Amino acid sequence: MTESRLAKSLDAEKRRTLKAGFWLGLGGSVFSPNILAENASLSVGFLNNYLPYSYLDAQGRLKGFDVDVVTRLAEVMSVKLDIVTEGLAKLNKKLKAGEVMFIGNQMLATADNRREYDFVKPYASIQLVSVLHEDDNRDLLSLDDFFGKKLGVLTGTGVEEQAKNVIGKSVVSFERIEEALLALAQKKLDAVLEESLIVEYFIERDNLPIKVAAPFAAPVLVGLVVNKANQAMQTQLNQAVQTILNDGSFKKISLRWFGYDVSRARVGHSVSG
Amino acid sequence: MNFVNFKCCFRSVGFALTLHLTACVTFTPPAVDLVRFVPAQDLQRNIVEPKVKYLVKPDGYEYCARITGFPVTPTSRPMACAFWNTRRKECTIVTPVETGFNYLGHELRHCFEGAFHD
């Protein structure tokens, strides 16, 4: 992995900030509920350094899974995208000021976020997973299984805190998740805990000899959000999301970034009652 | 089809007499397990030829609750679960130490067809 690649990746501090922003809520602005006319301009804000969801490449072009999804949604809605790229704090201000209609990065459909926003139909499922070297066939299914083993985590996260509480000093913290995944690929760690889509992206991008193994938490749906007062936008986006899920275009985007259709969870169950 | 019934019993002891209270719950399989189905064709499958691993865990209910989000309650519980890695064509089925044909079959269908219900 090159330094320039590392430099473009989201470091732990930004991930912490992003998570805090999501949980604290970004809302507060009031939009007039208007249906977008054909060829109207839709102002959407994206984080500029959030691999693999939205980031600036070496030429300064905005790329990412969320960017591709929102671009396709704009095509379906027959509107032009006016993309704004900023860090989280500035995007937050622009949202409150009504300078962007919504933030194009997916958010967790948690109870807290649902109180702040109206969610558009979710289009992806993410999950906390263990990552093992591809030669490793051990069944490590819970934190207890990692006693005495080196477990890589991103520093400053809830995962780090929980892992350290359970297995203590053998937890190895990293400022950037790519560094943890590289250490795992070099067999300097037994495993890494991280969000599934981020891991799938780096495995593919860097051709790492590692694999997504067992889930460690329930899957969480993610999607776009609109402000509570913007039901017309929500309705339009709901229809557009349903369209791209049905017409196969979401699946193509998903395969390009992650190698599989991320609209469905990667766990199944049989519940009796 | 052989279904497994799970029963729970609660006992309470009073002051002057011993009172036995028995509250029994029979867990019935999900409706999707009670009907015949047409397996998805290769093109519609999540993994056409999965490599399947089967793990039997003493804490199978709790484990499946944790990874699926469906809690263990007195009246319902995840009887089995599966997780898969589509890119690697691998699937792992987890059940508790006692299970039934339908639960194992249900999870095997997940290995081929991915999230086919809910």
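A residue counts as buried when its relative accessible area is under 20%, as exposed when that value is over 50%, and as partly exposed in between. The model described here is predicted. With a relative accessible area of 1%, Phe250(A) is therefore buried.

Chain A contains 10 helices and 17 strands. Of its 273 residues, 54% are buried. The accessible surface of chain A is about 11400 Å², and carbon and sulfur atoms account for 49% of that surface. Among the contacts in chain A with a separation of 6 or more, 74% are between residues 24 or more positions apart.

Aromatic pairs were searched for over all chains, and the structure holds 9 of them. One of these is formed by Phe65(A) and Phe250(A), with 5.9 Å from centre to centre and 70° between the planes, an edge-to-face arrangement. Phe65(A) belongs to helix H3 of chain A and Phe250(A) to helix H10 (residues 249-258), so the pair ties together parts of the chain that are 185 residues apart in sequence. Phe65(A) has a relative accessibility of 0% and counts as buried; Phe250(A), at 1%, is buried as well. A further pair consists of Phe146(A) and Phe216(A), whose ring centres are 5.9 Å apart; the pair is tilted because the planes stand at 40°. Phe146(A) lies in the loop between strand S10 (128-133) and strand S11 (151-154) of chain A, while Phe216(A) lies in the loop between S14 and strand S15 (220-223), so this pair ties together parts 70 residues apart in sequence. Phe146(A) is buried at 0% relative accessibility, and Phe216(A) is buried with a relative accessible area of 8%. Ring pairs also link Tyr55(A), Tyr201(A), Phe202(A) and Trp257(A) into a cluster.

The backbone of chain A was examined next. Most residues other than glycine have a negative phi, and most peptide bonds are trans. The bond that joins Leu51(A) and Pro52(A) is a cis peptide bond, with omega at about -5°. Pro52(A) is located in the loop between strand S2 (49-50) and strand S3 (54-56) of chain A. Ser78(A), a residue other than glycine, has a positive phi, near 55°. Ser78(A) sits in the loop between helix H3 (65-77) and strand S5 (80-86) of chain A, and with a relative accessible area of 31% Ser78(A) is partly exposed. A positive phi, near 50°, is also found at Asn207(A), again a residue other than glycine. Asn207(A) occupies the loop between helix H8 (196-206) and strand S14 (210-215) of chain A. The relative accessible area of Asn207(A) is 67%, so this residue is exposed.

Chain B has 2 helices and 5 strands, which follow the pattern β-β-β-α-β-β-α along the sequence. In this chain, 39% of the 118 residues count as buried. Of the contacts in chain B between residues at least 6 apart in sequence, 57% join residues at least 24 apart.

Over all chains, 2 disulfides are found. One joins Cys64(B) to Cys81(B), with an S to S distance of 2.2 Å. This link is left-handed, with -75° about the S-S bond. Cys64(B) is in helix H1 (residues 60-68) and Cys81(B) in strand S4 (residues 77-85) of chain B; the two cysteines are 17 residues apart, and their pair links distant parts of the chain. Both Cys64(B) and Cys81(B) are buried. Another disulfide is formed by Cys91(B) and Cys111(B), whose sulfur atoms are 2.0 Å apart. The link of Cys91(B) and Cys111(B) is left-handed too, with -70° about the S-S bond. This pair also links distant parts of the chain: Cys91(B) is in strand S5 (residues 90-95) and Cys111(B) in helix H2 (residues 101-113) of chain B, 20 residues apart. Cys91(B) is buried with a relative accessible area of 2%, and Cys111(B) is buried with 0%. Counting bonded cysteines along chain B, the disulfides follow the pattern 1-2, 3-4.

On the surface, Tyr54(B), Val56(B), Val97(B) and Leu104(B) form a nonpolar patch, with about 350 Å² of accessible area together. Tyr54(B) is in strand S3 (residues 51-56) of chain B, and its relative accessibility of 37% makes it partly exposed.

Key:
Residues numbered from 1 in each chain as written. Chains lettered and ligands numbered in written order. Predicted model: local features only at pLDDT ≥ 70, side-chain atom pairs only at ≥ 80, totals over all residues. Heavy atoms only, no water. Disulfide = S-S within 2.5 Å. Helix = DSSP H or I, 4+ residues; strand = E, 2+ residues; numbered from the N terminus. Buried < 20%, exposed > 50% of the residue type's maximum accessible area, 1.4 Å probe, protein only. Contact = heavy atoms within 4.5 Å. Patch = residues over 30% accessible without salt bridge, like charges linked within 9 Å, V, L, I, M, F, W, Y side chains within 5 Å. Areas by Shrake-Rupley, 256 points an atom, 1.4 Å probe, with all protein chains shown as cover. Salt bridge = Lys/Arg side-chain N within 4 Å of Asp/Glu carboxyl O. Phe/Tyr/Trp six-rings, centres within 6.5 Å; stacked < 30°, edge-to-face > 60°.
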